[in-house]
Amino acid sequence: MIKNIVNLGDAAIYCDFGNEVDKETNLKVIKYFKNIKDKNLKGVTNLSPSYNKLIITFDLNETSFDKLSLDLSNLDIENEIENKCQKINIPLCFDDEYSLDIPRLEKKLSKSKNELIKIFLSKTYFCYMTGFIAGMPFLGDLNKSIMLDRLETPRVKVPKGSVGLTEQFCNIYTFESPGGWNIIGNTPIKIFNSLSLSKPNLINPGDEVSFYEINKKEYLKVYNE
Amino acid sequence: MNEYFEVIRGGINSTFQDEGRKNFSHIGLPFSGVMDKRNFVIANTIINNQKEDPVLEFAYQGPSLKYFGNKRFIVITGDVNFKITKNNKKEILGNCYKTIEIDNGDIIDIISTNKSVYGYFTVNGGFKINRVWGSYSTTVRAGVGPNKGNKLLNGQNIKLNKSNVIQSRSLNFVNSKIEFIRVIKGTNFQFFSDQSKRDFFSKVFVVTKLTDRMGMRLEGVKLKNLKKTNIKSEGLVKGTIQVPADGNPIILLSDHGTIGGYPKFGVVISADYDKLIQLPPGSKIKFKEILLKDAENLYKIYNMETNNILNKIK
């Protein structure tokens, strides 16, 4: 199932599951990720699953690329992933203050703001991966009519809670951060909780996420809670 | 009696760190931890704490700390200019790699690192802080770690554990410079032109001011990508040299974003990481290509050297 395993530097293994970005490939990555995580292989320090790759870092004092590759090839990957994937509903406010790029997208896509929102809210999205910044979910796939390129010049600061679009994906900025995605709205709820060890991320790989619209008054009510 | 430091000045980026935090990369939290592992281990060994105890790491200008408590020892490692103002106003110029006795009311002013970036400060007995998610490392960008995930702030206090008994100890040690930073080819090395591959391993690059715990941006000859300047976002590891469309390499450091979409030209070997991160802006870097087997051997030698250094502590 892994198409290729190579070293990434002297303390990481790069598992390549192909070049496709689709749910089927990603579920294979998630399956490997969950299995390897459960097995506590000697020396493994971190696992980074993404659309179609899995990177495993290790402590060079405890193992090596050759040893860990062998451990991986002997691993019995169970066929079924525990089906713990959740369905999560995220409130989203499209007030002008939050929908930073919608005026530009209206022109670019020749669609009204209402049309854009309707298309966006009509789908349930699959969480491919989380990361870049802590807790940021990468969700897909967007309806083809609202797929976009990144901004030519990224923003220095994207506000926390912003929901952005790029290519077939949307994401949620869990912190204020630099970023180049097209911002359409903002959620008042906490996606990453640094105080919760058991469940720091609200959204995890494999989860199904949908959005619903709230007005500014409702936004502020949740935000201030 | 509660013994503590009052933070008169927090410094530029002073954080508690240990060896790093495992098992959270998949939620977007980098490994973090001390940038210069050798100087971290030396500090803890000289002061007779556990090897994995947390230390205070600072960059460029460090903190200024006023001590309240009974006599105890401190140590600073790295290449650091600091002074201690005694309660009777007498000033002592500090020496790195040597325990220094401090007394109630003394002020330790960590003025700056010399031609390097990071230094380490600790006390016998250690800092009274809690592990967060299995580690004392601070990832400021995510707000995770001791001190509520923050760097040291002016006016705060740092509580200390009870001091353990030690004799004064020191080490005769000078941080050596390195001629080349050694690199293993990355997974997208083949995206680049033959000329750029040759340039990378023969021309000089300069560390820019855009350098911090997350990454080090370099300038020099631009690297030409013939295939594609973006890849589908995938995991990253510290030491990765990624090259965005503008052709200027960025080396990812301990607090790097966990995933990214720039091609991976190479990865700095583990044995050279401590030396790499100590290069301040304006430093010149030359890279040398190396194979995995050689990198693994160099790491063993690095460990042996560290042990030899620790054995010289008297």
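Predicted model: local features only at pLDDT ≥ 70, side-chain atom pairs only at ≥ 80, totals over all residues.

Me: Which residues are buried in helix H3 of chain A?

Reply: A:Ile102, A:Leu105 and A:Leu109 are buried; the helix runs over residues 102-109. They cover an arc of only 55° around the axis, so they sit on the same side of H3(A).

Me: What comes just after H3(A)?

Reply: A:Ser110, with a positive phi of about 50°.

Me: Switching to chain B. How many helices and strands?

Reply: Chain B has 4 helices and 21 strands.

Me: What is its radius of gyration, and what would a compact globule have?

Reply: Chain B has 20 Å. A compact globule of 314 residues would be near 20 Å, so the two agree.

Me: And what does the C-alpha trace span along the principal axes?

Reply: About 65 × 35 × 30 Å for chain B.

Me: How much of chain B is buried?

Reply: Buried residues are 58% of the 314.

Me: What share of the contacts links residues 24 or more positions apart?

Reply: In chain B, 76% of the contacts with a separation of 6 or more.

Me: How many positive and negative side chains?

Reply: Chain B carries 47 positive and 28 negative ones. The centres of the two sets lie 1 Å apart.

Key: Residues numbered from 1 in each chain as written. Chains lettered and ligands numbered in written order. Heavy atoms only, no water. Helix = DSSP H or I, 4+ residues; strand = E, 2+ residues; numbered from the N terminus. Rg over C-alpha atoms; globule rule 2.2 N^0.38 Å. Buried < 20%, exposed > 50% of the residue type's maximum accessible area, 1.4 Å probe, protein only. Contact = heavy atoms within 4.5 Å. Lys, Arg positive; Asp, Glu negative; His and termini not counted. Charge placed at Lys NZ, Arg CZ, Asp CG, Glu CD. Arc of directions from axis to C-beta.
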